[in-house]
Amino acid sequence: MVDIRELVDAKNGTQSRRIFWDREIYELEMQRIFARCWIFLTHESLIPEFGDFVVTRMGEDEVIVWRQRDGSIKAFLNNCTHRGAKLCTAEAGNSRGFSCSYHGWAFAVEGKLASVPCDSAYGPLFDRQEWGLREVPLVQSYQGFVFGCMDAGAPGLKDYLGDIAWYLDIWADVPGGIELVGPPSRSIIQANWKSPTENFIGDTYHVGWTHASVMAAVLGQAPPQTAWMSEDQGFHVTSRYGHGLGVSTAFYGPMMLVESCPELHEALAVRQAQVEQEKGPEAAKLVSGIWDGSLFPNCSYLYGANVLKVWNPMGPDKVEVMTWTIAERNMSDDLKQRLKVATHRYFGTAGMLESDDIDNFDNSANRGYVTRQGRLNCQMGLGQEREDDVFPGVLGDYMSEVAQRGFYRFYADCLASPNWQDLEEATTRWKSDLLDQ
């Protein structure tokens, strides 16, 4: 029996090691997080035309995300309703329908069962209309980023993003929109899905240590870990539903990309002026910074490094990593390709910074009976949380673990709540709980 409130002590910023290895907890995560929360599926730019599709995962449920005749997007379980075989074996493409390789049942783009070989053998009791593909109940898009939710009772995507939508608009609400340059690179690592997600949501602490050698090569010298401790370096933020991010205004965001993509200088200057008009001068200062962020549960991004990642769980100790390059749709094709090469040089499967991080994730596996006991510490900046007149959410200093604590606070609320009604009630006081430490 799992005692959820023993797993995460949100008030004191500690977590039980069990959440990183226990199979029972992992299965509960599949039920109460990945079958309940909004999960990133794809970007509209990757399926622009009728019949375009990608295959991805929501937890361990594989789904086909499919552009419809009317331009809308639907998602279906990638699973034939006859005897349960996988329906589509491609990663992406264009198709008006799929037929199962097992017995030939065929399904149309809208999910209905279109044809059945030897259907007369089934007799009069067989109703074809009852055996269409199982559809993901909710599919919505925000700034072109497409999410799905298995729980029809969930709040809408905009509400789920909450305070974090304000920040996403700064870099995603650009003239012409954002696109993802694919196909994604893919790799499999031996880690728990929460380890990379919490790293990207706000782990400033590791940068000056883990990435010291790469930063020395790129910048000439590696800034010490203490380089981000002053108040004017930036901040971290957390939100009601566990999303969070960190913004550094002390470092030029695309510093690793501009050698290959000098056009980014001008693009940032234009965007900074736009944000100043839309959101004010304080928000505009963030445009030229570097951000690390994660959307609960398993989607991460680096603005400035132009990287989007998804961490698909494949068990308590295995993760599929998917990586795309973020680009503005109005950029030239040549710039998009140079940007893709530059971003993957650092954060692709064999990227210089990615390799550093993967070593840490792999080495954080809780193997061994005694090693698995006890708790982990996430207390940096505890008791120093604050609100701000300009920036939404609950903030902490840039050298802080407030975003990680917010992630695990909502994680525990998810596991402890049997439905969205209870989850909404559990998170009603989220802000005051953080601020009244």
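Because the model is predicted, local features need pLDDT of at least 70 and side-chain atom pairs count only at pLDDT 80 or more, whereas totals for chains, interfaces and linings use all residues. Residues are numbered from 1 along each chain as its sequence is written, and side-chain values use heavy atoms, with hydrogens and water left out.

Eight strands form an open antiparallel sheet in the order β13-β19-β18-β17-β16-β15-β14-β21. Helices (H or I, at least four residues) and strands (E, at least two) are DSSP runs numbered from the N terminus, and two strands pair if DSSP finds at least two bridges between them. The edges are β13 (178-189) and β21 (394-397); each has a single partner strand, so one side of each is left without a neighbour in the sheet. On average, neighbouring strands are turned by 15° against each other, direction ignored. Within the sheet, β18 (residues 307-313) and β19 (residues 319-328) pair in the antiparallel sense over seven bridges, and Trp311 has Val321 of β19 as its bridge partner.

Helix α5 (residues 194-202) packs on this sheet, touching β14 (234-238), β15 (244-248), β16 (290-295), β17 (299-303) and β18; contact means heavy atoms within 4.5 Å. The direction of α5 makes about 140° with that of β16, where axes are lines fitted to C-alpha atoms, for helices over the stretch in contact, and angles run from 0 to 180 degrees between N-to-C directions. Eight of the nine residues of α5 are buried (under 20% relative accessible area, 1.4 Å probe, protein chains only), among them Phe200 and Ile201.

A hairpin is formed by β11 and β12, with two residues between the strands, and Gln143 there takes a positive phi near 50°. Strands β11 (residues 138-142) and β12 (residues 145-149) pair in the antiparallel sense over five bridges; Ser141 has Val146 as its bridge partner in β12.

The count of disulfides (pairs of cysteine sulfur atoms within 2.5 Å) comes to zero. For Cys88, the nearest cysteine sulfur, that of Cys100, is 11 Å away. Cys88 counts as buried at 3% relative accessibility, and Cys261 counts as buried at 0%.

The largest pocket is lined by 22 residues, of which Glu198, Asp203, Ser364, Asn377 and Glu401 lie nearest its centre. A pocket is an open set of points on a 1 Å grid over the protein atoms alone, where a 1.4 Å probe fits, with protein on both sides within 12 Å along at least five of seven lines; lining residues have an atom within 4 Å of a point. Helix α5 gives the most to this lining, with three residues.

Technical notes:
Buried means under 20% relative accessible area, exposed over 50%, partly exposed in between (1.4 Å probe, protein chains only).
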